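Hello,

Here is the structure you are taking over. My notes on it follow below.

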Amino acid sequence: MNTTASEPAARQQTTTEPAARQQTTTEPAARQQTTSEPAARQQTTSEPAARQQTTSEPTARQPTATDPLRLTLVVGSNRHGRFGPVVADWLLGRIRDRDDLVAEVVDVAEAALPMSLEPTPEATAALSGITPKLARADAFVVLTPEYNHSFPAGLKNLVDWHFTEWQAKPVGLVSYGGLSGGLRAAEHLRQVFAELHAVTVRDTVSFHNAGASFDDRGALRDPSGPDAAAKTMLDQLVWWGRALREARGRRPYGG
């Protein structure tokens, strides 16, 4: 019976098996070492930190209050024999004389945009040369003739192809024509840009009997009045452009 009673001892030895299992349970320790792999992965996840450094680049490039404004001049006429390029060249000269504006041009005559507003491959190709110039602009000057008491259809089409690109940005208006100097076209554009959440500045530049105002070389016969009007308009545009650029930087426009 004592011999039989020793069987529990054997069982006790058998119960030592959990001890071996305990050793086996040390395997998680090895697994813990394996779980240290995420630490290595954490090192790998430091890659986003590098990416954060990369993404911080645009922040570093955010314009300051004194940086020049990016201005896009929209030439609004596409009529054969148009006078617009003469006025545009004069206006670009006034803009380039300033150190608070950097200009680029969008010309309606060079934009092969369909009137259907259908996003065809042809339309997409045409927009690729236009939309980025509008999107990156801090301000606009729209140069328009007056056709039948309003502005040209080609200009309206280009405007209508875009929406957010105009939002919360200032627009200066320059017009030319006969006796009215294109002022009726300019006033119609104010209504359009108000609907697009843009701000038109108060003062405009207008050329009455524009053809007689310039000589054969494209120079103004009497630049004093137009130069003064352009300065006033561009000063207002810069004020609004800086204010709205700062506002958009602090809080995106919700529209």
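Strand β1 (residues 69-75) is mostly covered, with 6 of its 7 residues buried. Buried means under 20% relative accessible area, exposed over 50%, and partly exposed in between (1.4 Å probe, protein chains only). Strands (E, at least two residues) and helices (H or I, at least four) are DSSP runs, numbered from the N terminus.

Please note that this is a predicted model: local features need pLDDT of at least 70, side-chain atom pairs count only at pLDDT 80 or more, and totals for chains, interfaces and linings use all residues. Residues are numbered from 1 along each chain as its sequence is written, and side-chain values use heavy atoms, with hydrogens and water left out.

Back to β1. It runs parallel to β2, and 7 bridges join the two. Strands pair if DSSP finds at least two bridges between them. T72 stands opposite E104 in β2.

V74 lies in β1. It counts as buried because its relative accessibility is 1%. Leaving out residues up to four places away in sequence, V74 touches V106, V108, L134, V141, V142, L143, L155 and L158. Contact means heavy atoms within 4.5 Å. V74 and L134 are 60 residues apart in sequence, and their C-alpha atoms are 9.2 Å apart in space.

Helix α8 (residues 153-160) has buried residues too: G154, L155, N157, L158 and V159. Their cover includes β1, β2, α7 (131-135), β3 (139-145) and α9 (183-195).

Next, the other strand pair. Strand β4 (residues 170-177) and β6 run parallel, joined by 4 bridges. G177 has H208 in β6 as its bridge partner. In a regular strand the side chains alternate between the two faces of the sheet.

Now the loops. E110 lies between β2 (101-107) and α6 (121-127). It counts as exposed because its relative accessibility is 69%. E110 and I130 are 20 residues apart along the chain, with 9.7 Å between their C-alpha atoms.

Two histidines have a positive phi although neither is a glycine: H149, at about 70°, and H197, at about 65°. H149 sits in the loop between β3 and α8. At 46% relative accessibility, H149 counts as partly exposed. H197 is in the loop between α9 and β5 (199-200). At 26% relative accessibility, H197 also counts as partly exposed.

What about the largest pocket? Its volume is about 270 Å³. A pocket is found on a 1 Å grid over the protein atoms alone: an open set of points where a 1.4 Å probe fits, with protein on both sides within 12 Å along at least five of seven lines; lining residues have an atom within 4 Å of a point. The volume is the space filled by probe spheres set on the points, which are joined across faces, edges and corners. The lining has 16 residues, and R70, D138, R245, R248 and G249 lie nearest the centre. Helix α11 (residues 224-250) gives the most to this lining, with 4 residues.

Finally, the whole chain. The protein has 11 helices and 6 strands. Of its 255 residues, 36% count as buried. Among contacts with a separation of 6 or more, 84% come from residues 24 or more positions apart.

Best wishes
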